[in-house]
Structures are given as structure tokens and as C-alpha cells.
Amino acid sequence: MNNEQKHEKKKNIYSWILSLPAMSWLIFFFLIPYIIIFIYSFYQADIYDIKAILTLDAYKNVFSPEYFRSFFISFRLALITTFLCFLLGYPAAYLIARSSEKIKNTLLVLIIIPFWTNFIIRIFSWRIFLSPEGILNNALIYFNLIDTPLMLIRNDFAVILVMVYVYLPYMILPLYSNIEKMDFTLLDAAMDLGASPKKTFFKITLPLSKDGILAGSILVFIPALGAYIIPQLVGSQDSLYIGQIITYKIKNIPRNWPLASALSLMLLILISALMVLFYTLHIKFKERMIVKDEDEK
Amino acid sequence: MKNKNANIFTVTTFTFVIIFLYIPILLLIVYSFNDSKIISSWRGFTFKYYYLLLKNREIINAFKNTMIIGVLSTIASTVLGVLSALALENKRFFGTKFFKGLVFVPLIMPDILMGVSLALLFSFLKIRMGMFTVLIAHITFCVSYTIIVIQSRLEGFDYHLEEAAMDLGANKTQIFFKIKLPLMMPGIIAAALLAFTLSIDDFVITFFTSGRGFNTLPVYVEGAIRRGTITTINALSTLMIGLTLMFATITKRIRKYLIAV
């Protein structure tokens with residue numbers, strides 16, 4: 001017994017030493033930077049960087065309607081993007097998961113290949129495609145569907161389109177790995193018992209893929225909240241998303257680092273709140289499943 | 001038979017998704033050979049832009065930087081990943097939960113927050129931004145991915161093999177290098193590939209941590225789009241697509257080979 005405990009202790013120290021390099025790296029370059037953000041948010045702004053004078057200026061500005069609005073449109077964008085990714089991604093993931101082994105791999109590779117192209121370049125390509133003198137407008141004019149070119153970029157439509165384009169694989173892949181593990185005999189059983197395909201889908205398939213939907217939604221929603229470069233390249237400059245505002249305050253002169261820090265903290269708090277919400281939902285679902293199981297027994 | 005409608009629906013959606021995903025890529029390839037300054041009109045076939053590309057010092061420099069950062073951050077984050085995955089084999093050492101949280105949270109953090117926080121850290125520490133700071137940033141966002149990929153491969157590890165080797169008189173170093181490491185290899189390679197892809201693709205975090213004068217390819221491309229000097233970008237993108245596809249095929253071969261071994 002004593003020997004075993006000793007062995008256990010030795011093993012723990014060994015694991016601890018192994019984890020130390022990555023742990024200290026992440027503490028130093030991931031965790032501490034957020035503490036720096038926190039500190040900077042209490043400094044006074046300077047057009048280049050900061051003055052080391054403590055003030056609450058940044059927080060007085062943070063709650064202005066302008067920034068509230070940009071938080072709101074970022075939230076709306078993330079919500080729409082996640083929803084559209086789900087609508088397109090679910091059937092696609094379902095098809096991949098239910099294909100034969102050989103086709104499955106080909107389909108997965110087809111989804112992954114665009115990932116291998118630089119994403120700035122892909123966004124740039126959408127700009128060409130959608131621009132007033134771009135292919136889409138030319139084709140529409142050629143076929144007499146429109147007379148004058150449509151304004152397809154520099155608006156929210158383009159932002160949503162490109163966001164869905166970029167984030168779609170992040171939804172498809174977790175959904176696929178979840179659906180693949182599903183017990184399809186349950187679906188056959190439901191059908192045999194007379195449930196319509198529609199009913200089977202909503203009562204069995206969809207509830208069973210809840211974990212995949214949750215994972216995919218997190219992977220799309222949270223990063224989408226902080227979108228910067230997509231709105232910057234295809235969006236309008238009239239309505240700025242929160243990522244753009246933070247970037248401008250950090251990069252463009254006159255800078256305002258304390259304000260950017262305060263806004264980043266707000267974004268961080270929003271994300272943390274959402275994560276807690278997602279987590280509770282996840283636990284709730286699990287509990288309900290267990291309760292149901294016990295009821296049936 | 002009952003599912004026929006559902007099948008038609010999933011196949012249609014999938015086809016739409018594929019067309020959607022490939023439109024911009026095909027477009028770039030076609031237009032990289034277009035002999036026209038205006039993107040929309042087709043003026044005949046040319047290799048002009050490829051020639052201009054190879055003469056452009058800035059692009060070549062940015063390409064070199066991207067590769068250096070990509071390789072170095074891949075090596076560093078993979079080594080950190082291997083060590084951490086080995087640590088996480090032990091499910092309950094002191095601070096496991098904290099460590100796991102620390103590994104998972106960066107995965108979902110928006111790039112912009114990581115970019116801003118690192119930029120402010122470097123300014124706080126009065127470190128001049130350049131290649132060094134970009135490298136630190138890239139290792140930081142790659143390391144979570146490498147840890148998770150390698151660790152998930154270790155999850156299915158058959159510990160009887162280790163015991164068998166021990167029974168046969170192998171010492172710990174031998175067990176590690178002759179049994180564990182080779183079995184971990186597919187995971188390590190997958191992790192390294194992922195890290196490399198993430199690194200050469202990153203724009204936002206590099207944009208915040210690179211400062212003036214140090215460009216990676218994505219940062220250069222974004223600048224070129226902003227300045228409007230876009231003619232060579234199509235050619236550049238096509239070359240990059242070609243390179244990545246080549247890279248993907250080669251690595252697939254390597255992986256197949258490793259699995260066969």
C-alpha cells in the first residue's frame with residue numbers, strides 16, 4: 001500500500017514536470033496578457049499608447065450607445081452566421097456520416113481542402129466575385145435579370161455570406177463526428193413503429209445530435225463575435241462591428257488603448273457568460289436524459 | 001425507400017455547400033491567367049503575373065518569413081504538445097483541471113482578443129515587435145491544438161504493450177523510444193500539420209503582433225488589397241493553392257506509409 005502511494009506520488013510529480021513547459025507558456029502568454037488588458041483599461045489614453053495615470057475614463061466611454069450598438073450587431077451577426085451554418089451544415093454532415101466508408105473520406109477531403117487556402121485570399125476572391133463589375137453582376141446583366149449592377153459588397157449581406165463561407169467547416173466537422181457515432185437502428189425502429197420520416201428526424205435524430213450541434217455552435221458563434229477582418233474587407237464602414245472598433249483603437253492614430261482594453265474585457269465577459277450558459281444547457285440536457293431513462297425503467 | 005426525399009435533400013444541400021466552398025478558389029485560379037488589369041473582363045491568357053510575382057522582393061520576403069515562422073512554431077508547439085499529452089495521460093495530477101482549462105479556452109477565444117492581449121503584453125514589457133513576437137504568438141495559438149490532437153491519439157493507447165516490453169526486460173528509455181513514440185507518431189504528425197496550417201494561415205494575430213517592417217504572406221496580401229495593388233495576388237494565391245495541395249498529397253502519402261509501417 002505504502003509503496004503504491006509512493007509510486008503514485010512519483011508519477012504525479014513526473015506528470016507535473018511534463019506539463020510545466022506548456023503550462024507556463026500558456027500562463028505567461030495567454031493568461032497574463034488578459035491581466036495586462038485589465039490594468040491598461042484603467043490608464044489614461046494617449047494618441048500613441050498610454051499615460052501611466054489611473055483613471056476610469058475608459059469605463060465612462062464604454063457604455064456609450066455607439067459601442068452598445070456595435071456589440072449588438074456583432075451579436076446579431078454571430079447568431080445569424082451560426083444559424084445559417086447549422087442549416088447548411090447539418091444536411092451536409094448527415095450525408096457524409098451516412099455514406100459508405102470510401103465515399104465518406106472523399107467527401108470529408110472535399111470539405112477540408114478549401115481550409116488549405118489562405119483565408120484572406122478566399123475573402124479577397126469573394127470581393128471580386130461580388131463586386132459591381134464582378135462576375136456575378138455581369139452574369140445577371142448578361143441574362144437580362146437586372147439592368148444595373150447590384151451592390152453586393154460593402155454591406156451586411158456580404159459580411160454574412162463570407163462569414164458563413166469561412167465558418168461552415170467548423171460546424172460540419174463536429175456535427176459529422178457526432179452523427180457518425182449515432183445508433184441508426186433507433187431510426188429504423190422508429191420508422192418500423194410507424195413514425196413518419198419528419199417525426200423520426202425531429203424526435204430522434206435531432207435530439208441525439210445535440211452534443212454535436214452544441215460543439216459546432218460554440219466553434220462558430222464565439223469566434224464570430226470577435227470578427228474583424230471579414231467585416232473589414234467586405235462590410236460597410238457605416239456600421240462597425242466590435243472587432244473593428246477594438247482594432248482601430250489599438251492600431252489607428254489617435255489610438256485609445258485603455259478604451260480598446262475595456263471593450264476587449266466586455267467582449268471577454270460576454271463570451272464567458274455565453275460559455276457558462278452553453279455549459280449549463282449541456283448539463284441540463286444530460287440530466288434530462290438520465291431522468292427520462294429512469295422514468296422509463 | 002422511405003428516405004428518398006431526405007436523400008435528395010441532403011445531396012442537394014451538400015452539392016450546394018461544395019459549390020459554395022469552391023467558387024472563390026476556382027475563380028482565383030482562372031483569373032490568375034487573365035491578361036487584364038481590371039479583374040472582371042477577360043483579355044486572354046498570360047503568365048505575366050507569375051513572372052512579376054517572382055520578381056517581387058517583398059512577396060518573396062514575406063513568403064520566407066511565413067515559412068520560417070511556420071516551421072519554428074510547428075516544432076515548438078509539437079514538442080510542447082508531446083510533453084503535455086504525456087502529462088495528461090495521468091488523469092489526476094496536481095492542477096489537471098486548471099491545465100486542461102488553460103489548454104481548451106484558447107481554442108475558442110476570438111483571434112482579436114488574443115491579438116490585442118499579446119500586443120499589449122509586448123508593449124507592457126517594452127519588447128519591439130517583429131519576428132520574435134510573431135513567433136511567440138504563433139506558438140501560443142498552436143499549442144492548444146497540438147496538445148489536444150496528440151492527447152486524443154494517446155487515449156486509445158494499449159498499455160499492455162508497455163507492460164509486455166517491461167516484462168521482456170526493456171528499460172524506460174527503450175520503452176519510450178521503441179514503443180511509445182512510434183505509436184504516438186501518427187498523432188504527432190497530424191498535430192504538426194495542423195499547427196503548420198494554422199500558422200501559415202493566420203492573419204489577425206500576426207497583424208497585431210508583427211509591428212512595422214515584418215510581414216508574413218497573409219499580412220502582405222491584406223496590405224496589398226488595401227493599397228489596391230492586386231494584380232499579382234491572383235497568381236500568388238494560385239501558387240499557394242498549388243503548394244498546399246502538393247503538401248497535402250505528400251503528407252497523405254507519408255501518413256499512409258507510417259500507418260503501413
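**Core, interface and helix pairs**

Student: Which residues have the most contacts inside the largest nonpolar core?

Tutor: They are A:Ala93, A:Val162, A:Met163, A:Tyr167, A:Ile230 and B:Val116, in a core of 142 residues. A nonpolar core here is a set of buried Ala, Val, Leu, Ile, Met, Phe, Trp, Tyr and Cys residues joined through C-beta atoms within 7 Å. Buried means that 20 or more other C-beta atoms lie within 10 Å of a residue's own, with C-beta atoms placed from the backbone.

Student: Which helix gives this core its largest share?

Tutor: Helix 7 (residues 156–180) of chain A, with 17 residues. Helices are DSSP runs (H or I, at least four residues), numbered from the N terminus.

Student: Before I go on, what kind of model is this?

Tutor: A predicted one: local features need pLDDT of at least 70, side-chain atom pairs count only at pLDDT 80 or more, and totals for chains, interfaces and linings use all residues. Residues are numbered from 1 along each chain as its sequence is written, and chains are lettered from A in the order in which they are written.

Student: Back to A:Met163, what is it in contact with?

Tutor: Leaving aside neighbours within four places in sequence, A:Met163 is in contact with A:Leu77, A:Thr81, A:Ala224, A:Ala227 and A:Ile230. Contact means C-beta atoms, placed from the backbone, within 7 Å.

Student: New topic: how many residues of chain B are in contact with chain A?

Tutor: 64 residues of chain B, and they meet 67 residues of chain A. On the chain B side, helix 1 supplies the largest share, 16 residues.

Student: And by class?

Tutor: That side has 48 nonpolar, 12 polar and four charged residues. Ala, Val, Leu, Ile, Met, Phe, Trp, Tyr, Cys and Pro count as nonpolar, Asp, Glu, Lys and Arg as charged, and the others, Gly among them, as polar.

Student: At what angle do helix 12 of chain A and helix 5 of chain B pack?

Tutor: Helix 12 (residues 242–251) of chain A and helix 5 (residues 111–124) of chain B pack at about 15 degrees, with axes 11 Å apart. Axes are lines fitted to C-alpha atoms over the stretch in contact, and angles run from 0 to 180 degrees between N-to-C directions. So the two helices are roughly parallel (angles under 35 degrees).

Student: Which residues meet there?

Tutor: A:Gly243, A:Ile246, A:Thr247 and A:Ile250 meet B:Ile112, B:Val116 and B:Ala119.

Note on methods. Parallel < 35°, antiparallel > 145°, perpendicular 65-115°, else oblique. Contact = placed C-beta atoms within 7 Å. Buried ≥ 20, exposed ≤ 12 C-beta atoms within 10 Å, placed from the backbone.
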